[in-house]
Amino acid sequence: MQAEILTSNELHALGSGINVCCNSALQSYTTASSSRLHPSEKKEQMDALQSCVTAVSSVASNHCSQEYDLMKSCLDKNQRSWVQCEALKRGLDLCLVKHKAGELV
């Protein structure tokens, strides 16, 4: 199955949630990247991170749709002042954790 390609706005909306819910996969990928491994040598780490981000996106769409939609809308309306979206970001992050997104299973 091909992973859904997220828009920039969707990635920004999920950003801190991905950091929390995909912490191990993100650290593993970052370590492999900082070691300057060739992409073919870090395929395992890339696949794990992609799988985790897909899982977080799925939880956001299926269980946190109200929070996710509000966050995306806020980011669209406040492109130069995302600080105005902080409360919505916290709400989305809490929902993702509550529904055990990504590695929190």
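Modeller: Let's start at the end of a helix: α5 is followed by Lys100, whose phi is positive, near 50°. Keep in mind that we are looking at a predicted model.

Biologist: What makes the phi of Lys100 worth a remark?

Modeller: Its phi is positive, about 50°, although Lys100 is not a glycine. Lys100 belongs to the segment after α5. Arg36 is another residue of this kind: its phi is positive, about 60°, and Arg36 is not a glycine either.

Biologist: Where is Arg36, then, and what makes it count as buried or exposed?

Modeller: You will find Arg36 in the loop between α2 and α3. Its relative accessibility is 77%, and exposed means over 50%. Since 77% is over that cut-off, Arg36 counts as exposed.

Biologist: Ser35 is in the loop between α2 (23-34) and α3 as well. Why is Ser35 called partly exposed?

Modeller: Ser35 has 45% relative accessibility. Buried would need a value under 20%, and exposed one over 50%. The value of 45% falls in between, so Ser35 counts as partly exposed. Here is another number for Ser35: its C-alpha is 38 Å from that of Leu70, and the two residues are 35 apart in sequence.

Biologist: Now to α2, where Tyr29 is found. What makes Tyr29 count as buried, exposed or something in between?

Modeller: For Tyr29 the relative accessibility is 26%. That lies between the 20% and 50% cut-offs, so Tyr29 is partly exposed.

Biologist: Which residues does Tyr29 touch, leaving out those up to four places away in sequence?

Modeller: They are Lys42, Gln45, Met46 and Leu49. Take Gln45: it is 16 residues from Tyr29 in sequence, while their C-alpha atoms are 5.0 Å apart.

Biologist: Back to α5. How do you know that its length agrees with what a helix should span?

Modeller: Helix α5 has 13 residues, 86-98, and at 1.5 Å a residue it should span 18 Å. The expected span uses one less than the number of residues. The end C-alpha atoms of α5 are 18 Å apart, which agrees. Helix α4 passes the check too: its 13 residues should span 18 Å, and its end C-alpha atoms are 18 Å apart.

Biologist: Which residues of α4 are buried, and how do you know where they lie around the helix?

Modeller: The buried ones are Tyr68, Met71, Lys72, Cys74 and Leu75. Looking down the axis of α4, you see them fall within an arc of 160°, so they line one face. The face turned away from this buried side carries the exposed residues Gln66 and Lys77. On the buried side, α4 packs against α1, α3 and α5.

Biologist: Why is Lys72 called buried?

Modeller: Its relative accessibility is 17%, and buried means under 20%. Because 17% is under 20%, Lys72 counts as buried. Leaving out residues up to four places away in sequence, Lys72 touches Asn9, Glu10 and Ala13.

Biologist: What makes you say that the charged end of Lys72 sits over a ring?

Modeller: The ring is that of Tyr68, and the charged end of Lys72 is 4.2 Å from its centre. The distance limit is 6 Å, and the charge must also be within 35 degrees of the ring normal. This pair is counted as a charge over a ring. For aromatic pairs, by contrast, the count in the structure is 0.

Biologist: And how do you know which way the buried residues of α5 face?

Modeller: Leu92, Asp93, Cys95 and Leu96 are buried in α5. Seen down the helix axis, they fall within an arc of 160°, so they line one face. Turned away from that side are the exposed residues Ala87, Leu94 and Lys98. The cover over the buried residues includes α1 (8-21), α3 (43-63) and α4 (65-77).

Biologist: Which residues have the most contacts inside the largest nonpolar core?

Modeller: They are Leu14, Val56, Leu92 and Leu96, in a core of 23 residues. Each of α1, α3, α4 and α5 supplies at least two residues of this core. Helix α3 gives the most, with 6 residues. Among the residues that Leu14 touches are Val56, Leu92 and Leu96.

How values were computed
Residues numbered from 1 in each chain as written. Predicted model: local features only at pLDDT ≥ 70, side-chain atom pairs only at ≥ 80, totals over all residues. Heavy atoms only, no water. Helix = DSSP H or I, 4+ residues; strand = E, 2+ residues; numbered from the N terminus. Buried < 20%, exposed > 50% of the residue type's maximum accessible area, 1.4 Å probe, protein only. Arc of directions from axis to C-beta. Contact = heavy atoms within 4.5 Å. Phe/Tyr/Trp six-rings, centres within 6.5 Å; stacked < 30°, edge-to-face > 60°. Core = buried A, V, L, I, M, F, W, Y, C linked by side-chain atoms within 4.5 Å.
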